[in-house]
Every structure is written in C-alpha cells, then in structure tokens.
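Let's take a walk through a protein chain together. Keep the picture open while you read, and look up each spot as we reach it.

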Amino acid sequence: MRRLILIAPFAAALIGGCAMLEPEPTARQDFETFCVACHGTSGKGDGAGAEMLTARPADLTRIAARNGGRYPRAEVMTKIWGYAKGQTGHPQMPAFDGLLAGDTVLYDSGDGIATPTPLRLVQLQEYIEGLQR
C-alpha cells in the first residue's frame, strides 16, 4: 500500500506568522517544464525537441509494459533523481534539480518502507504512472 505523508508543508507559514508561501508547481506543470520538449505532451517520446537528439527519448507511456506490466515507482524516481543530480550517462537529459527542492514527504513506493522523498519527485513519477497504457 502506498502512503504519502506530508512532513511539514506549512511549517514556514506557521513559523513566519501569516507569511504567504509560493505554491509548489503541480506535477503537470513539472512534466510540461522538464519533459514535454522531448517526450511530448503524451509522453511517447515525440516532443518538438526529439528530432534534434541523437537518441530518441524514451516512451514514458510504456514503462510498465517494458517491466512485465509492473510500474516500478522507486526505479522511476531513482532515474529522475539521477538526472537531477547529473549522475546518469544521458548527457542530453536536462538538469532538473528543482524537483529535489521544497517539501519532503514520507513515501512508500511499494516496498513497505516510508522514505523521506521530495514531494515534487513523488508527484512527477505518479503523473508519469498515470500515462501508462
């Protein structure tokens, strides 16, 4: 069972009195910002920038299909985390370390262990999970 628990999303507002917080981008906004140019709005790897790349971007709608019908939540987040940290062999992937900033949540990706994880990272992988066909 997956559980998402906010650690302290409004702590800054509570500490700062009535301070207004900038709203976090939505998963759809993050997908549009970081993924659409190459992976396309549908996630199929057919974005406007895809034709300029030496390797075709992955079809994000087929992740589960490529894994025997199982969507690997932790693996997807690990891959995104690696891109954000510049730890992959994919020089064409942009740096999107902004996904690692902001609120942290305790997230169980399916292994029964709730791990502190950047909220935007969780939301983006769940958005990509929703693209599976």
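Where is L99 found? You'll spot L99 in the loop between α5 (73-85) and β2 (104-107).

## Ground rules

Residues are numbered from 1 along each chain as its sequence is written. This is a predicted model, where local features need pLDDT of at least 70, side-chain atom pairs count only at pLDDT 80 or more, and totals for chains, interfaces and linings use all residues, while side-chain values use heavy atoms, with hydrogens and water left out.

## The whole chain

The chain has six helices and three strands, and along the sequence they come in the order β-α-α-α-α-α-β-β-α. Helices (H or I, at least four residues) and strands (E, at least two) are DSSP runs, numbered from the N terminus.

There are 133 residues, and 37% of them count as buried. Buried means under 20% relative accessible area, exposed means over 50%, and partly exposed is in between (1.4 Å probe, protein chains only). Take the contacts (heavy atoms within 4.5 Å) with a separation of 6 or more: 47% of them join residues 24 or more positions apart.

## Back to L99

Is L99 buried or exposed? L99 is buried, because its relative accessible area is 0%. Leaving aside neighbours within four places in sequence, L99 is in contact with D30, F34, I80, P118, R120, L121 and L124. Now try A27: L99 and A27 are 72 residues apart in sequence, yet 10.0 Å apart in space, C-alpha to C-alpha.

## R120 and its partner

R120 sits in helix α6 (residues 119-130). With 12% relative accessibility, R120 counts as buried too. Which side chain does the side chain of R120 make a polar contact with? The partner is the side chain of D30, at 2.7 Å. A polar contact is a pair of N or O atoms within 3.5 Å; within protein, one must be able to donate a hydrogen and the other to accept it, and residues adjacent in sequence count only if both atoms are side-chain atoms.

Not counting residues up to four places away in sequence, R120 touches several others, among them E24, P25, F34 and L99.

## One face of α2

In helix α2 (residues 27-34), A27, D30 and F31 are buried. Seen down the axis of α2, the buried residues fall within an arc of 100 degrees (taken from the directions from the helix axis to the C-beta atoms), so they line one face of the helix. An α-helix has 3.6 residues a turn, so residues three or four places apart point the same way. The buried residues of α2 pack against α3 (36-39) and α6.
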